Number of protein chains: 4
Amino acid sequence: MSIRKHTEDICAGLNNEDYSVQPQVFVSPPKWHLAHSTWFFEQFVLGNFAKNYSVFDEDFAFLFNSYYNNVGKRVLRPNRGLMTRPSVEKVYEYRAFVNEKMTEFLASDLSRNVADIIEIGLQHEQQHQELMHYDIKYILGNQATFPSIENNFDFSQKNIPLKFISFEEGVYEIGHQGDNFCFDNELGRHKVYVNSFEIADRLITNQEYIEFIEAGGYQDFNLWHAEGWDFVQQNELKAPLYWHQVDGEWHHYNLHAFEKVNPNEVVKHISFYEASAFAAWKDMQLPTEFEWEVAADQLDWGKLWEWTNSAYLPYPNFQKAEGALGEYNGKFMINQMVLRGAALSTSKNHSRKTYRNFFHPDMRWLYSGIRLVKHG
Amino acid sequence: MSIRKHTEDICAGLNNEDYSVQPQVFVSPPKWHLAHSTWFFEQFVLGNFAKNYSVFDEDFAFLFNSYYNNVGKRVLRPNRGLMTRPSVEKVYEYRAFVNEKMTEFLASDLSRNVADIIEIGLQHEQQHQELMHYDIKYILGNQATFPSIENNFDFSQKNIPLKFISFEEGVYEIGHQGDNFCFDNELGRHKVYVNSFEIADRLITNQEYIEFIEAGGYQDFNLWHAEGWDFVQQNELKAPLYWHQVDGEWHHYNLHAFEKVNPNEVVKHISFYEASAFAAWKDMQLPTEFEWEVAADQLDWGKLWEWTNSAYLPYPNFQKAEGALGEYNGKFMINQMVLRGAALSTSKNHSRKTYRNFFHPDMRWLYSGIRLVKHG
Amino acid sequence: MSIRKHTEDICAGLNNEDYSVQPQVFVSPPKWHLAHSTWFFEQFVLGNFAKNYSVFDEDFAFLFNSYYNNVGKRVLRPNRGLMTRPSVEKVYEYRAFVNEKMTEFLASDLSRNVADIIEIGLQHEQQHQELMHYDIKYILGNQATFPSIENNFDFSQKNIPLKFISFEEGVYEIGHQGDNFCFDNELGRHKVYVNSFEIADRLITNQEYIEFIEAGGYQDFNLWHAEGWDFVQQNELKAPLYWHQVDGEWHHYNLHAFEKVNPNEVVKHISFYEASAFAAWKDMQLPTEFEWEVAADQLDWGKLWEWTNSAYLPYPNFQKAEGALGEYNGKFMINQMVLRGAALSTSKNHSRKTYRNFFHPDMRWLYSGIRLVKHG
Amino acid sequence: MSIRKHTEDICAGLNNEDYSVQPQVFVSPPKWHLAHSTWFFEQFVLGNFAKNYSVFDEDFAFLFNSYYNNVGKRVLRPNRGLMTRPSVEKVYEYRAFVNEKMTEFLASDLSRNVADIIEIGLQHEQQHQELMHYDIKYILGNQATFPSIENNFDFSQKNIPLKFISFEEGVYEIGHQGDNFCFDNELGRHKVYVNSFEIADRLITNQEYIEFIEAGGYQDFNLWHAEGWDFVQQNELKAPLYWHQVDGEWHHYNLHAFEKVNPNEVVKHISFYEASAFAAWKDMQLPTEFEWEVAADQLDWGKLWEWTNSAYLPYPNFQKAEGALGEYNGKFMINQMVLRGAALSTSKNHSRKTYRNFFHPDMRWLYSGIRLVKHG
């Protein structure tokens, strides 16, 4: 239950309204996360396996299903922020109720099959924990008043010259190995031929990114994908998300404060388009996800998710899970790019070198950063 | 201060999230109304006239200005529902603070000029009280769970045959008379030539409106304005707002309950387009605002605002007020239709026969109804 | 048939592509006008009354119906510019075919009823002639190359000081009188009480309008309706349609040339919003349509349609025509403003003092101008 | 010049309006293709290398640049269909003029560098030839009247049982080899590890696709990518592009006729989403572009472009060309899927096994089809 508890800890410092708002379609209200991750256990564990279980509220399946078409109708995603009922208090009651029922249920005989689903439920909740970090920052960072809440992520990075680690070309094995939990998209360990490459030993810093800005990086279309350039133009982008220029100096919102950008921290809240343009400006590239996995043991990582230049596609022998859980990964394998590594916002057990995170190339509200590679 | 108190009473039964959401651009969160009507006093009275007044919070002028371009920048209207800070609690503190300062201020010598502005501030707050009735119903009526809150509006209407009262053609005087408060748009009492007409002695009932629905009124384009027909098609309208068909019977959401439509109540939450189509189906018309005002003394009214077939335009000698308050009425005199009368949701002092309410012809969330006239 | 011939004359100088394009929803391709005005005779005259008439092409009723829901389905308005078939040549054949059939038909005995419909058909075609003038200018004026075609409209105006003609308050008669043709919206001559007013003896000139521009008229929100101000902001308006600043001087496209704005011509291609803001800047008003009609005999008019401050609404005893032709006027009586007078682009027989033209307040592609009034 | 001539041959049967319309943003008017492919030679060859060359028309660089930011401003893509000037005739004159100048220029001494650019110009024109096939079909296929023009593409396919050809896992070489022309995206021949797979010996037929439709393929969300399912829902897709059900039987528009779907032809005008859902329904996959290239020598191909399950990404040592031509390929390497093979619409020299075609996954107007693979 400590995992379940952590979900609630992430919300420390929020007022009721912070819990309930949806400033963009890609943001979900924290209240919704709290309820949805609970509904997942009610739907897939208690509802299917616990004797005589009766649901906390008949309406919640409709209100808190995310995208499982197999399970039934649901509130449309853009309307999650319009749900004022149930209240935050009621959702906390719901969590307590389901936790109690789960505890009772876990005390009974537990089959292997159910244990697997519970494992997925916890992993799923941890994924939502990370999304909550993104969403809460987005909600607060778009208030005119920049509210301050506690946060102790340390993004500092020694601004020492980039060094590159070399890897020989050859056949490498990619994908999850062993008995520990992983998602279906990591399975099917297989061989990949990787050409020789050199990979940076650290992420790009704010200092380095400011040089890109000052060199006119956001004005030079030659550095950008065509769709990235459109994205920059339409949104009049001039800097990473949460950055604002005040009296000629770059500031950003960082949960505990709106403050000057620290040059010796890693640059974060970067879209794939920006990461790729930065690399082009350096005359380098982003790593493929295979290069990244090959190099992972020699990298220090865990501060930020690192954009790769690999599209999110199935491994050669990808099999999606049976039933509703089969909707978990496979159906998103189009138009998204893979990120590797993990961020300070990532929950325990979600940092492993085969983990494949993925987002659309214009997303900036995640904790994402830039690592470079060189070829040839 | 009883007017100010009433604003808060309207919110009884809301949870924090109900206060803060904006399901459509035309809806404002109740929290916003509470703060905006307070800001109005701070901005136009305390800020201008009270000695040594310092504002409750520097950010509030930006956050709670509605549309006064003369006063400065403001949160864009579609983003009112994204304001999670200040919290509901803080807004209530703001109200208490400004109330206290106003009480102090009122105890000092009060010039005629300031009294006028305070009068407008109270009238303004009462207008927002009515909007809050609309907005709260819209917010709750769009929850999947139809929450119940107390409400004692009595919309019952004897379903007796319509009778018509006749008026002779001739020159009549229109517009406000006397020393009582009125808005600038009612001033400039002037002569109007009105042709003979007969006006219904009561509003249309749900029973009569159901006959229109069952006769195919929503499917017969000949009854509708071209833009009204587009509106019906695009929104797949089949009945008034808040109506849902359950097992073949019309139900509607009415704050205290989701319940069967009572045939002996007046039909409400009707757009101008629907009112006009209904009249066309009866081979009658909606009254002009002048016919309505001429007949007003012989009508029983006050249940619902009554759509007229008059566009909202200035009276012959209309003068808009000086300064920011000049933005109050004149700049809205395009593309809107006048409603006359008053509704159960209308605050005291806002029921007078010269009062000109106005909305766009597709608005349905207000307490609006239908009165018919016949000509020739 | 001279009226029918004139429709084709208006297209002199167009190439095939000019005939077929629809750069905005409110523009119709000239080819469409040519065919639609022909279809009107086929549908309402030949199809209903001529013995053994068989239509030129079965598809044309679908392709060239404009908005007559009673007559059947039709190509959606925004898709008129996508119709490449029939070709321009085929449409001219269609016109010749229907002209011939009409000539044969007219030679036979003609009932009063049919004569009325033919009259409407010709009036209808003349209205489309005027729209063709607007549409052709819009199509050509939005080519990067500003093509030159012949045009001899003379918009010159002596730039003498504005003089105002006074009218006494009193009861006046409004609406069409006599046996000549008029539209249903002009009928029902009735009394109106008009307050005293003074009306300008000429239209506003480019010179006067440039003064408004240079005084910051497009930047001062106090002069504008709220929706007008939105319109200005969203479209970044700084001058009338077709005006471009070249080397600090105002130029405009005028069919025969792209040339310097002549200060001594009337300002044209003005939206209602701009006309109204200009009047506000002068501390004057636009006339109501009743004031205009009362004054008409003492005005020199016919250069441009003149925006009034009257919404397009039915006269007291308005009766819409029976059948499909009943869709002609009544269903547009919402959200539009009346223009009075006539323009150089107006066809003969469409200049009469009771004629009620109407457009949405943001339309600028028509030949519209500004006349001021003063009150009190 | 035979390549240039072929571009004009493709337009046989078009009327002037067919040349000029743009029914969707992804369609360009044939007139635009004719001019743009000509401008390419004027801009990159004559303008840079021919002595004393003066351009045919100063405006054409603005009008007919496609997406080369390095070359200057241009007409926005969605407005290509609004260009009525220059006329079709003028564009043919432009082609003749540039052809003549090119002939003169080619007669002079030709450096290797210029020859390369001319080669690219011709390849570029051939790519536009193929797009013209798509665009012309789209323009005509969306006319209410389904115009008939000559077309002799033979899409017939023996409806014999699918057979699968097996390939062993191992390291294979991918990418262009030799001195013949290829695009920059094919270069950098490199090793790829390919797992064992079996690939179908022919494309899917209409008969097989109808079985998918009749089995409810368009209604079963489990078969679709999440974004594919949205695409199906929003566009209410039920069959491939150009298919219409008439009296219970599938018909399609095929340029020469609107006719019954022939079960023994390959299914075409399929989006990636549909290809992928079809494969999922068969419990198979689409090939990766590497599997396809490995198998190519044993496949019979050339009827339709074949969707692969590979995202369009750079090869390991991808280098984009210098200058404006560097915008040719690299900047599109996001959000698109690779197609391999060639179609009957493909110009000579554009059929080679290393050729990487690419489109967004929702595009259907190209000549695309389905080939299946099985794994493990």
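This is a predicted model: local features need pLDDT of at least 70, side-chain atom pairs count only at pLDDT 80 or more; totals for chains, interfaces and linings use all residues.
Residues are numbered from 1 along each chain as its sequence is written, and chains are lettered from A in the order in which they are written.

**Chain A with chain D**

- The contact involves 37 residues of chain A and 37 residues of chain D.
- About 2,900 Å² is buried between chain A and chain D, 53% of it from carbon and sulfur atoms; buried area is the accessible area (1.4 Å probe) that two parts lose on being put together, summed over both.
- On the chain A side, Tyr193(A), Ile334(A) and Asn335(A) lose the most area to chain D, and together they account for 19% of what that side buries.
- Between chain A and chain D there are 0 salt bridges, a salt bridge being a side-chain nitrogen of Lys or Arg within 4 Å of a carboxyl oxygen of Asp or Glu.
- The count of residue pairs in polar contact between chain A and chain D is 10, both residues at pLDDT 80 or more. A polar contact is a pair of N or O atoms within 3.5 Å; within protein, one must be able to donate a hydrogen and the other to accept it, and residues adjacent in sequence count only if both atoms are side-chain atoms.
- Strand E3 (190-194), helix H7 (226-234), helix H8 (272-281) and strand E8 (305-311) of chain A each give two or more residues to the side that touches chain D. Helices (H or I, at least four residues) and strands (E, at least two) are DSSP runs, numbered from the N terminus.
- E3(A) provides the largest share of that side, 4 residues.
- By class, the side of chain A that touches chain D has 18 nonpolar, 14 polar and 5 charged residues. Ala, Val, Leu, Ile, Met, Phe, Trp, Tyr, Cys and Pro count as nonpolar, Asp, Glu, Lys and Arg as charged, and the others, Gly among them, as polar.

**Relation of chain A to chain D**

- Chain A is superposed on chain D by a rotation of 180° with 0.0 Å of shift along its axis, at an RMSD of 0.0 Å. That is the relation of a two-fold axis, with copies superposed by least squares on the C-alpha atoms of residues with pLDDT of at least 70 in both.
- The same surface serves both copies, as 100% of the contact residues of chain A recur in chain D.

**Chain B with chain A**

- Here 29 residues of chain B are in contact with 29 residues of chain A.
- Chain B and chain A bury about 2,000 Å² between them, with 54% of it on carbon and sulfur atoms.
- The rule finds 4 salt bridges across the interface of chain B and chain A.
- In the pair Arg85(B) and Asp18(A), a salt bridge, the closest N and O atoms are 2.6 Å apart.
- Lys31(A) forms a salt bridge with Glu17(B), at 3.1 Å between the closest N and O atoms. Lys31(A) lies in helix H2 (residues 30-49) of chain A and Glu17(B) in the loop between helix H1 (2-9) and helix H2 (30-49) of chain B, so the pair joins two chains.
- Lys31(A) is buried at 4% relative accessible area, and Glu17(B) is buried at 2%. Buried means under 20% relative accessible area, exposed over 50%, and partly exposed in between (1.4 Å probe, protein chains only).

**Salt bridges within chains**

- Over all chains, a search of the whole structure finds 68 salt bridges.
- Asp9(D) and Lys5(D) meet in a salt bridge, 2.7 Å from N to O. Both lie in helix H1 (residues 2-9) of chain D, 4 residues apart, about one turn of the helix.
- Asp9(D) is partly exposed at 39% relative accessible area, as is Lys5(D) at 45%.
- A network of salt bridges links Arg4(A), Glu8(A), Arg95(A) and Glu125(A).

**Helix H6 of chain C**

- Among the buried residues of helix H6 (residues 206-214) of chain C are Tyr209(C), Ile210(C), Phe212(C) and Ile213(C).
- The buried residues of H6(C) pack against strand E5 (243-246), strand E6 (249-253) and helix H8 (272-281) of chain C.
- Gly216(C) follows H6(C) and has a positive phi, near 85°.

Terms used. Side-chain values use heavy atoms; hydrogens and water are left out. Contact means heavy atoms within 4.5 Å.
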